Amino acid sequence: MSDGSRTPPLLEAVEVRKTYQLGATEVPVLHGASLEVRGGEWLSVMGSSGSGKSTLLHILGGLDRADRGRGEVRFEGASIARFGNRDLDRYRNRTVGFVFQFYHLLPELSVLENAMLPGLVGRVPFAWRQERSALMSQASDLLERFGLAHRLRHRPRELSGGERQRVAIARALMNRPRVLLADEPTGNLDSRTGGEILDLLAEEHRRGLGIVMVTHDASIAERADRTLWLRDGRVVEDS
Amino acid sequence: MVYASLLSNRYLTTRVIPLIAVLAVALNVALVVIVVSVMTGFLDMLRNSGRTLMGDVVVSHEIVGIPHYQRFLEILAETDGVTAASPVIETFGLVRMPYGREGESRVEPVQVWGIDPRTLAEVTGYTEAIYWKAPDPDRLAGMAEDDPRREAASDRLDEAMSLNDEGAAPAMVLGIEISPFNRRTRDGSYRPEPPAAWMPLHDVTLSLVPVSSGGRISEPREGRFQIANEFQSKVYQVDSQRVMIGLAEAQRLLRMAEGPLYDPNGELDEDGRPKRIGTSPARATTILVRGVDGMAPAEIKMRVATAYDRFLAEVRDDPEAKVKPPSFPDIQTWEERLRDLIAPVEKERDLMNVLFSIIYIVSAGLVLSIFWAIVHEKSRDIGILRAVGASRLGVLWIFLRWGLVLGVIGAFVGLGIGALVVDNINAIHDAMGDPAPGWSVAVAAALAAAALAATIVAAVRGSLMHGLVWSLTTVLLGLVAFGLSRHEGAVMWDPSVYYFDRIPSRVDLWRAGLTMIGAVVFSLLGAAIPAAKAADVDPVRALRYE
Ligand SMILES: Nc1ncnc2c1ncn2[C@@H]1O[C@H](COP(=O)(O)OP(=O)(O)OP(=O)(O)O)[C@@H](O)[C@H]1O
Ligand SMILES: [Mg+2]
């Protein structure tokens, strides 16, 4: 896999194992899954339903923890398994950005507030007054770029699916993460809208964003630099 | 944690059900504020009445009395911190009232105070308590047109301040509630009905039982008194039982005046009569003492006790004084004197506080169950928050803060309601004492009709929930209208039970504050468990499915 470069990859999974406990029976999902994401690289991950794609993405993003043992996830060479809760929260907040199939916006917040949310995390009210306007303009710039300038005060339920997903991507990009982790970002959209979302991701990728995208659709996977397959709990490269 | 504030504020304004918890907390706080304020006000009134009834410190030696009390008064007059003192004889007697069937007359058992009106007025609120007096312009303004005090005129009225003590026609002042002909009106004034039953036009006979300094009872003695006036101390128990006569007259009737002292061993002199060995001094059973304003009663008590010791020593060293004062009279502050009355009320108030804490647990349970459901419903949002980097503590704080704000709002709303009710409690009570006015029935009926219309609209639109809510509202308002139309008036604050003729109406801010803190703490406790559950939400599971 390595093409000879000596600098560590941006994000890598090394022999990651994940076993779910269902009562007395163990359900092994990942057993020794490895992958590398270089800075600014766009990866597609494909695999049959239930093969563990979402699980792998969650582990990469520090939302879930891999089994203790040999395997680990490293960011810039540092194992995130050794992060404390605080650093892990910070990792999710600053380093990676999640995009989900079902958008997952907060219904009580406006579009602008949803997009700003990662910016609010970790801010204390004391310093907030000065940071507020900077964050707001940053979020509204992003939303504007995604064609949502006229939607800032709307609630998520007033938006179409495609618009919601753009808000979700704006949210994921709010804190300028290094890697975007997208779990079937177009899975719930028609192909035209899905295409628009992919154009948008391509634009961010062009600006230097690393992307790991899970998808079922080979034509979508094609847009990535590389496509990996998850089979029997292991990652295999498809070239 | 800015996002926590943002979200908890947003939840607060977008959800109706948790406001039920606010309402529960508010009602709870209002209830405690009202009950505790009334009880505290009641205690304050007891205490204040204590001071206006008997000054700061009371020195007493019941029945037998304190001989040479005049010397004690002289010493008290020189004592620092004591501004006035007044001798009193407290006893019981029977008054034959001027009314009753022909040929027979009503006899009332009464508590008799033999007083020196001039000094008593310095120690207590005696002057203010005298009920019938020529009204000054200030007082006139506040009196009803037909208040009999406007016309009250009798040569005798002013004798309340002298009681004609040692005069030809000794006078008596009656508690205003003793005569059953004094009708109390809504504005708190009294009307004699019929007017001929106005007490200061009549005479009474008082019988007292003398007790010697040795404690022996002798023949009851009678005296005829003119009723000079009536007094209102505003303490029902006093107003309905006590009569005042002159100190000298009381001493005469009770054989407590100065007189010859005979040999207690029964030795006879040359003429075969009991041998006179000196003079028996006049006695008073009670000395009321007033201290400097603002001095603690305990401090005044200490000084009075010191003064009494000096008095004892002086009399002991006086060979002329054959009868010695008691070594250990009761020296009590008014608070200690009213202990029997005050202590149970204080206990009851504490008990109330404990009982209400149980209601707090109920409202905490309400917050808990509402929040539990919301956390369950919001678990996906919690997962999202965790995914964008929110800490578990931050998630916890969203719900804790929400509970806190609910509690604080509830506490202040409750304080507002409670204060409003307490401020107007007498007006409310008076209004409840009357049949409900026609307009209130009409308003309730109109509201019920409006709710009925809303029920019909909801039924037409096919909304089961709105239909149910509105029909329940209709029934409730209908019941209110019906209840109001049938209401004939009820009196809950009976002065014969509660001593005072008005319900205390000042908010006990200190205890209200405590109860508000309690409300907030319990709301927080109720929110804590769901909040902890929220912090425990596994983001992966929460985000897995739509
Ligand atoms: N909490 C859990 N307990 C037990 N098994 C679980 C749990 N979460 C996931 N699994 C199992 O782990 C396996 C992988 O799930 P995952 O969601 O990662 O698959 P996926 O590749 O994303 O599938 P899809 O393409 O349908 O989204 C599935 O078989 C699933 O049933
Ligand atoms: Mg999946």
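Q: Which element of chain A gives the most residues to the shell around ligand 1?
A: This is a predicted model, in which local features need pLDDT of at least 70, side-chain atom pairs count only at pLDDT 80 or more, and totals for chains, interfaces and linings use all residues. Side-chain values use heavy atoms, leaving out hydrogens and water; residues are numbered from 1 along each chain as its sequence is written, and chains are lettered from A and ligands numbered from 1 in the order in which they are written. Strand 1 (11-22) and helix 1 (53-60) of chain A each supply at least two shell residues (DSSP runs numbered from the N terminus: helices are H or I, at least four residues; strands are E, at least two). The element that gives the most, with three residues, is helix 1 of chain A.

Q: Which chains share the site of ligand 1?
A: Among the 14 residues around the ligand (a heavy atom within 4 Å), those that come nearest are A:Ser49, A:Lys53, A:Ser54, A:Thr55 and B:Arg544. The site is shared because the residues surrounding ligand 1 come from chains A and B.

Q: How much of the area of ligand 1 does the protein bury?
A: Oxygen atoms of ligand 1 lie 2.7 Å from a side-chain N or O atom of A:Lys53 and 2.7 Å from one of A:Ser54. Taken alone, the ligand exposes 640 Å² (Shrake-Rupley method, 1.4 Å probe). The share of this area that the protein buries is 73%.

Q: Which three residues supply 73% of the area that domain 1 of chain B buries against domain 2 of chain B?
A: The centres of these two domains, taken over C-alpha atoms, are 54 Å apart, and six residues of domain 1 of chain B contact eight of domain 2 of chain B (heavy atoms within 4.5 Å). Between them the domains bury about 540 Å² (accessible area, 1.4 Å probe, lost on being put together and summed over both parts). For domain 1 of chain B, the three residues that supply 73% are B:Thr52, B:Leu53 and B:Asp430.

Key. A polar contact is a pair of N or O atoms within 3.5 Å; within protein, one must be able to donate a hydrogen and the other to accept it, and residues adjacent in sequence count only if both atoms are side-chain atoms. Domain bounds come from an automatic or database domain assignment. Buried area is the accessible area (1.4 Å probe) that two parts lose on being put together, summed over both.
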